Structure formats: C-alpha cells, structure tokens
Amino acid sequence: MKYDSEDYWASLIKMSLSRFFILYVLHKHSLHGYEIAKQVADITGGCCAPTEGSLYPVLREFVDNGLVDVETQIVSGRERKVYTITSQG
C-alpha cells in the first residue's frame with residue numbers, strides 16, 4: 001500500500017464520507033440497500049457512490065453496533081431488507 005498515493009487517500013476519504021452519508025439518508029427515511037446507494041450518490045453528485053460490495057458490509061457493521069436496525073420485507077415475492085437508523089445512530 002502506498003501512503004503517498006493520491007488514489008489511496010481519495011479512496012479512504014470516499015469510504016469514510018460514504019459512512020456519514022449512509023447514516024444521513026437513513027436519518028431522513030427507512031430505506032433498502034439499492035435506495036440507500038442511489039440517494040447517497042444523488043446527494044453527493046456521484047462523489048460517494050457506495051457499491052454493493054462496500055455498502056452491505058457497512059450496513060452490517062452499523063446493525064452489529066446498534067446504529068441501524070434491519071427488517072426483512074417481502075415485496076413482489078422478493079425479500080428486501082429495509083434499514084432504519086436507531087437513536088444511537
């Protein structure tokens with residue numbers, strides 16, 4: 001890993017900012033994963049657009065630490081997880 005690389009620091013900043021923006025959009029509404037990613041990308045002008053591979057580990061961490069609750073819903077025969085921020089989050 002090259003700590004003097006601009007790409008490294010840009011990636012680290014985006015990852016950290018994504019966490020903040022995920023909590024921000026959940027503060028406004030309970031949402032499922034795709035909608036969380038879409039709203040984060042929209043409010044940041046695409047600067048922080050979490051991918052599926054980066055979003056779900058963060059959401060799992062938030063759930064494990066009590067920042068977010070998750071509820072499974074069935075929509076059109078498909079399972080969907082809806083995330084809601086907690087008072088701790």
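A: Phe 20 lies in helix H1, residues 6-28; helices are DSSP runs of H or I with at least four residues, and strands are runs of E with at least two, numbered from the N terminus. The model is predicted, so local features need pLDDT of at least 70 and side-chain atom pairs pLDDT 80 or more, whereas totals for chains, interfaces and linings use all residues. Residues are numbered from 1 along each chain as its sequence is written, and side-chain values use heavy atoms, without hydrogens and water.

Q: Which strands pair with S3?

A: Strand S1 (residues 31-32) pairs with S3 (residues 78-85) in the antiparallel sense over two bridges, and strand S2 (residues 68-75) is joined to S3, also antiparallel, by eight bridges. Pairing requires at least two DSSP bridges between the strands.

Q: What is the bridge partner of His 32 in S3?

A: Val 82 is the partner of His 32, while Arg 78 is that of Val 75.

Q: How many residues lie between S2 and S3 in the hairpin?

A: Two residues separate S2 and S3, and Ser 76 in the turn has a positive phi of about 55 degrees.

Q: Changing topic, what does Leu 59 touch?

A: Leu 59 touches Ile 22, Leu 26, Ile 36 and Tyr 83, leaving aside residues up to four places away in sequence; contact means heavy atoms within 4.5 Å.
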